[in-house]
Amino acid sequence: MSWIENYVRPRIQQLVRRTPTQSDLWRQCPACGQMIFHQDLDRAQMVCPNCSHHMRIGAKARFDLLFDADGHDVLTMPQTPADPLKFRDQKRYTDRLKDAVNKNGPGDALKAAAGRIDGMPAVVAVLDFAFMGGSMGAAVGAGFVASVRAAIERKAGFVAITASGGARMQEGILSLMQMPRTVAALGMLKDAGLPYIVVLTDPTTGGVSASFAMLGDIAIAEPGAGIGFAGQRVIKETIGQTLPEGFQRAEYLYDHGMIDMVVTRAEMKATLGRVLSLLMQPTRAVANLPALVADTAKADAAAPAQAGVALKPGGKASRARATEPKQPETKQAEATKAEPRT
Ligand SMILES: [Zn+2]
């Protein structure tokens with residue numbers, strides 16, 4: 001059987017593969033309809049030069065875009081039972097999986113790699129929408145946990161890039177169980193004091209948006225990305241109201257405080273590098289944390305409620321601020337948020 005799958009099938013596929021035609025050389029932008037030459041589109045990182053629409057890209061393209069030129073290691077994802085429920089709708093689930101593997105290569109919807117982003121150690125896990133809509137089954141959950149463990153082992157920041165229709169219905173309750181599983185994995189990352197950055201791309205919906213996609217220490221989204229739990233039609237019918245302009249788009253979520261940044265694909269690597277260095281440097285700078293805490297504790301004796309501020313790196317400035325009569329609300333919140341990282 002494996003001889004047929006490994007040797008005969010690829011040869012047949014090679015024989016019947018089409019030679020590129022004129023229509024393969026041009027791609028149409030799904031947003032504005034502009035025809036774009038494939039090389040121009042590749043150069044623009046699959047962003048439409050006419051309307052800046054960010055087209056969907058796969059895991060390999062993401063790794064190439066984000067990691068430094070000195071390379072990255074693609075992580076081996078754990079094996080999971082392929083079809084635990086023996087599920088069948090119009091097609092067998094195992095057949096759907098085989099089709100997806102034939103189109104997208106081995107593995108499941110989640111791929112991960114470890115390397116450096118602008119010099120900062122990082123593990124990047126990418127949900128590939130082309131693989132069964134980036135849906136989350138047991139394989140994605142197990143892959144996510146393995147990626148988080150890899151980040152902890154390497155003392156690296158963890159970046160998740162999401163594009164998903166949600167939980168994988170063919171795995172029923174097992175797919176829903178991946179929601180708490182991924183959340184628990186992020187708990188391990190937090191305990192290790194490592195940052196988790198999530199990059200929401202089009203579309204991020206369902207069980208993925210209801211679990212790890214919304215838990216980033218920093219949440220970034222690509223412009224125009226559709227982000228939500230249920231679809232717009234379902235919401236509209238449920239609440240019986242017309243939805244506002246731009247509802248569930250990245251910019252709308254940013255305006256309403258749900259995400260921290262909307263960043264173009266061209267700027268993504270530099271932004272991730274900067275965020276990682278900001279979140280990971282305190283760990284190195286405050287290596288002598290116990291001494292610093294003892295030192296600042298005296299200064300903060302009069303204002304114990306401000307102690308959190310003094311734990312921030314840059315001792316002098318922090319102490320000066322800690323003795324100020326009243327901290328603005330936002331600074332306090334920032335300080336408390338930053339505290340576990342130090
Ligand atoms: Zn366009």
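**Helix α6 and its surroundings**

Let me begin with a pair of helices: α6 and α8 are roughly parallel to each other, a term used for angles under 35 degrees, while angles over 145 count as roughly antiparallel, 65 to 115 as roughly perpendicular and the rest as oblique. What we are looking at is a predicted model, in which local features need a pLDDT of at least 70 and side-chain atom pairs count only at pLDDT 80 or more, whereas totals for chains, interfaces and linings use all residues. Residues are numbered from 1 along each chain as its sequence is written.

Now back to the helix pair. Two packed helices are described by the angle between their axes and the distance between the axes. For α6, residues 138–153, and α8, residues 178–191, the angle is about 0° and the axes are 9 Å apart; the axes are lines fitted to C-alpha atoms, for helices over the stretch in contact, and angles run from 0 to 180 degrees between N-to-C directions. On the α6 side the contact includes Phe144, Val145 and Val148, and on the α8 side it includes Arg181, Leu186 and Leu189, where contact means that the C-beta atoms of two residues, placed from the backbone, lie within 7 Å. The residues of this contact divide into 11 nonpolar, 3 polar and 1 charged, counting Ala, Val, Leu, Ile, Met, Phe, Trp, Tyr, Cys and Pro as nonpolar, Asp, Glu, Lys and Arg as charged, and the others, Gly among them, as polar.

What length should we expect for α6? At 1.5 Å a residue, its 16 residues should span 22 Å, and its end C-alpha atoms are 22 Å apart, which agrees; the expected span is 1.5 Å times one less than the number of residues. Following α6 comes Lys155, with a positive phi near 50°.

Which elements cover the buried residues of α6? The buried residues of α6 include Gly143, Phe144, Ser147 and Val148, and their cover includes β4 (110–117), β5 (120–127), β6 (157–164), α7 (172–176) and α8. Helix α6 lies across β4, β5 and β6, and runs at about 15° to β4.

That brings us to the sheet, which is open and made of 7 strands in the order β3-β4-β5-β6-β7-β8-β9, with mixed pairing; two strands pair if DSSP finds at least two bridges between them. The edge strands, each pairing on one side only, are β3 (73–74) and β9 (261–262). Starting from β3, that strand pairs with β4 in the antiparallel sense over 2 bridges, and Asp73 stands opposite Ala114 in β4. Strand β4 is mostly covered, with 7 of its 8 residues buried, and β4 pairs with β5 in the antiparallel sense over 8 bridges, with Ala113 opposite Val124 in β5. These two strands form a hairpin with 2 residues between them, and Asp118 in the turn has a positive phi of about 50°.

Strand β5 has 7 of its 8 residues buried, so β5 is largely enclosed by the rest of the structure.

Is Tyr93 buried or exposed? With 21 C-beta neighbours inside 10 Å, Tyr93 counts as buried. Leaving aside residues up to four places away in sequence, Tyr93 touches Asp83, Phe87, Arg88 and Gln170. The C-alpha atoms of Tyr93 and Gln170 are separated by 6.5 Å, although the two residues are 77 apart along the chain.

Note on methods
Helix = DSSP H or I, 4+ residues; strand = E, 2+ residues; numbered from the N terminus. Buried ≥ 20, exposed ≤ 12 C-beta atoms within 10 Å, placed from the backbone.
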